[in-house]
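Work through the exercises below with the sequence and the structure open. Each task is followed by its solution in steps.

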Amino acid sequence: MAEVAISFAVEKLGSMLVHKVAFLQGVAKEVKWLKEELQRMQCFLKDAEEKQANDELIRKWISDIRDVAQDAEDVIETFVLKVDAPRRRSRGLLETCACFPDHVYHLDMVGEEIESIRSRIKDISRGCDRYGIQSLGERTMATMTSSEGVQWRRQLSHWQKDKDVVGLEKDVESVLHNIVFTKRKGLIIGSIVGMGGIGKSTLARIVYNNDTVVNQFERRAWVCISSDFSPKEIIKEVVLQLLEPAEDKLKVLEIMERSPLEHLKSMVHERLQGRPYFIVLDDVWEAAHWQSLTSAFPNEEDKTSILLLTTRNRGVTKDDQIYAHKIETLNRAKSWELFLKKAFTGNVVECPDELKATARDILQKCNGLPLAITVIGGLLKKHGQSKDEWNKVLKGMNSHLRTGESSVSHIMELSYHDLPPQLKSCFLCLGFFKEDATIRAEKLIQVWIAQGLIPPKGDKDETMEERARDYLDELINRNMIQVKDMTKDDRVKNCLIHDFLHDLAITKAKEEISLEILRDEGGGSQSSQKSRHRVIYCGTERPVFSSQRNNHIRSLFFHGAGNNIFGGSTVWKNFQLLRVLDFENVGLKIFPDAIGEIVGLRYLGLRNNDIKELPSSFSRLKNLQVLDISLNFSMEVPNIIWKMINLRHLYMSRITCQGSPKVDYLKHLQTLTYIPTPRWRPEHTARMTSLRKLGLELDENSNIINLCNSLAMLANLLCLNIRWYGNHSISFEDGLGKLPRLTQLKLQGIMTELPTVGNFPPNLSHLSLNYTALDKDPMPVLEKLPNLVYLKLDGAFTGEEMTITSDGLTRLNVLSLRELLKLRNIHVGEDGMSDLRRLEIRRCPRLDNLPGELEFMAQLGELKMVTTEEIVSNLRENHSRLLSRIPSLHLVSVTLND
């Protein structure tokens, strides 16, 4: 298939014709011809792909299209970068004139290369008639968006909790009976065994969240092992999940980055010692992997603790002392039940008669695998209740089955084949991430944009990021991506991809966009000269790659650990077309000055390393859209960021900077977190018209009134996070009310008192107060905020009584109370919080009752309370009527310290 390669090329050429027209003078007509000709050839691809299975010549024809599309993209983009480079360096008329001969030379060169590509395209076009390939028209996201975009958004609410689990009731009972409810003491090891896609992780998750498990085990953690086993990363993840609320996460991360594996194990051991715990090791591939971790987990004879593994390989836990539960495929009845939930919208209990025969034939080929049923259901749902379309899907399944592929593999491939070109391109990018990785939705979207996969829309009010969210939503609705968790404003925060689909993304990316994966620890493997996207699993000893030619590479992702991965400085001069470079969490301590040579770079990820200083050469990265240097502690940032004029997102943590960064020059900047207020330039904020999310770090000298006056000039600011450290308190007596468009506000640090109602942003809908330690009840102020739908108080109040009066907080949907250590009573007046839907109370050790008014809140659907065993028992006894009417109830008992 060449559909994705051509889609890539068409989007890039189209974008360049719009945004780089000045550089294309002299060849603009030729570039337009290339774009239109490639676009025309897209219409023939679908017919060619259906005929290629039994025709080697057609497969060669498709391969030729892919090559010429990629070469066309390379030629034009290289030309633009070479012409643009002297313009970026020029400072006057003489220098500009001196560049003219180079421009003419590059123009001649690109003209010759385009002519060569034109000749190749004409030869390929003649192949259409020769091989009997017909135009079947073009299907794009643009046509889909108009007809289906609204439907995508309607479906989002179903992601938050997957209620479509079918057929695991007996499995849950067996695992609980044989592993959890045994009366044995010490460390109990159990396993869930079964083939890929059968529901091992789903079963483990149900057990993990079981009320009895949550109440019985004080400490819990869940980590994915995967085939790319890294014991240090796994142990670090366990530590992070076991952090006490009062611990400084950034400080712990800093300690762990400098610690050897054995010390990390001791950190886990200390946090678990003396407490019953429940740890899940998901997707274990080899016995040696989990066995190498066991020294981190205490085995105490007077306590029961559990290590639960999921694995495809029975031999991983082949031990008479280990209970292994084998999970079976779904029977016909359960398969049909799950199919109805996935293939139809809403609570459909019966399949239309005209579809039943086709549906049962399709279901038979799923062999009872939940993953196969889920994915094929998502595919069918997109086609609606069309018998013709369902028959086409069945026909596709039959043709794949004849090749001898497993049912789940060819169902995955059918679902991929059904995607429009732009969604295929986006799906393939999932192969850049590690297996079983938690993928930040924000990062995935930014990678798509950096690759040029998200075309701008005519609607000027819609950003590319918002449009990319629609693409992500559609992949989720098709069950190609799983939602892990949501943000407080109900957008996808983190996502996952199943192993089978991750393997498919890698396989197709190798075919379609020349993805290459290097796993050699030490650089011994030879990379391809023609790869366009490269993922490197690096070791720690030698450079990962040498200064070989890398001038086709568009993406470079590093995984693993290794500070010495750069080779010589000349390496980076060869990456002229590189758009995405990601070093997140690889342990870098230095970053080479030669990085400034990659002038086409759009995304640079350096999150969670130990880099102390950014090189000044960053000033040459004029095309950079995303710079993520967060979680690098006390990094010194030269005052050159303002020169990266195309930055859209800038992430930082506790930076030091000489002078004030001129961020007001960044007219495209949408996200800026976190910048110290001494480096904030209030006088120029009016120019930052694109800024939507801002994070500020205050100090004891911060002038709040002047700061808020400057923030008031940020016309499109929607989200503001302000934090400060130490024992000094901050007062927001005036200023926040001047932010009319602000909808989300987070304040973190000690406060003397809250602003008055009139001094809060008038359209505020989401408010978080963290560790503000207010001594007065905040509710008399907060309950009067007219648009508040989400309120989180975490260590925010030190008093004993909290009162919401009648008609207070009438629009509130979510209330989260955490670490309110002295709180004893919450009083709610009649019709107070009348629209509350979710209430969460964590670690409030003296709050031993619930307000009676909760019983009359018709919308309350979820209550989660983490408190002492005594309080849980008291609530069950005294509030049984209230608790019985809440659909989603989680009462979790833990040991709390007052």
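**Exercise 1. Determine how helix α10 crosses helix α12, and describe the contact.**

Step 1. The crossing in which α10 passes α12 is left-handed (the near helix is turned anticlockwise from the far one by less than a right angle; clockwise would be right-handed). Helices here are DSSP runs of H or I with at least four residues, strands are E runs of at least two, and both are numbered from the N terminus.

Step 2. On the α10 side the contact (heavy atoms within 4.5 Å) is made by P231, K232, I235, K236, V238 and V239, and on the α12 side by L261, L264, K265, M267, V268 and R271.

Step 3. Sorted by type, these residues give eight nonpolar, no polar and four charged. Ala, Val, Leu, Ile, Met, Phe, Trp, Tyr, Cys and Pro count as nonpolar, Asp, Glu, Lys and Arg as charged, and the others, Gly among them, as polar.

Step 4. Helix α10 covers residues 231–241 and α12 residues 261–272; their axes lie 9 Å apart at an angle of about 25°. Axes are lines fitted to C-alpha atoms over the stretch in contact, and angles run from 0 to 180 degrees between N-to-C directions.

Step 5. The two helices are therefore roughly parallel (angles under 35 degrees).

The model is predicted: local features need pLDDT of at least 70 and side-chain atom pairs pLDDT 80 or more, while totals for chains, interfaces and linings use all residues. Residues are numbered from 1 along each chain as its sequence is written, and side-chain values use heavy atoms, without hydrogens and water.

**Exercise 2. Find which residues touch the most other members of the largest nonpolar core.**

Step 1. A nonpolar core is a set of buried Ala, Val, Leu, Ile, Met, Phe, Trp, Tyr and Cys residues joined through side-chain atoms within 4.5 Å; buried means under 20% relative accessible area, exposed over 50%, partly exposed in between (1.4 Å probe, protein chains only).

Step 2. Helix α23 (residues 704–711) supplies the largest share, four residues.

Step 3. A separate core of 99 residues includes V175, I179, I198 and F433.

**Exercise 3. Decide whether D67 is buried, partly exposed or exposed.**

Step 1. D67 belongs to helix α3 (residues 56–89).

Step 2. Its relative accessible area is 32%, so D67 is partly exposed.

Step 3. In helix α19 (residues 421–428), by contrast, eight of eight residues are buried.

Definitions and conventions:
Angles under 35 degrees count as roughly parallel, over 145 as roughly antiparallel, 65 to 115 as roughly perpendicular and the rest as oblique.
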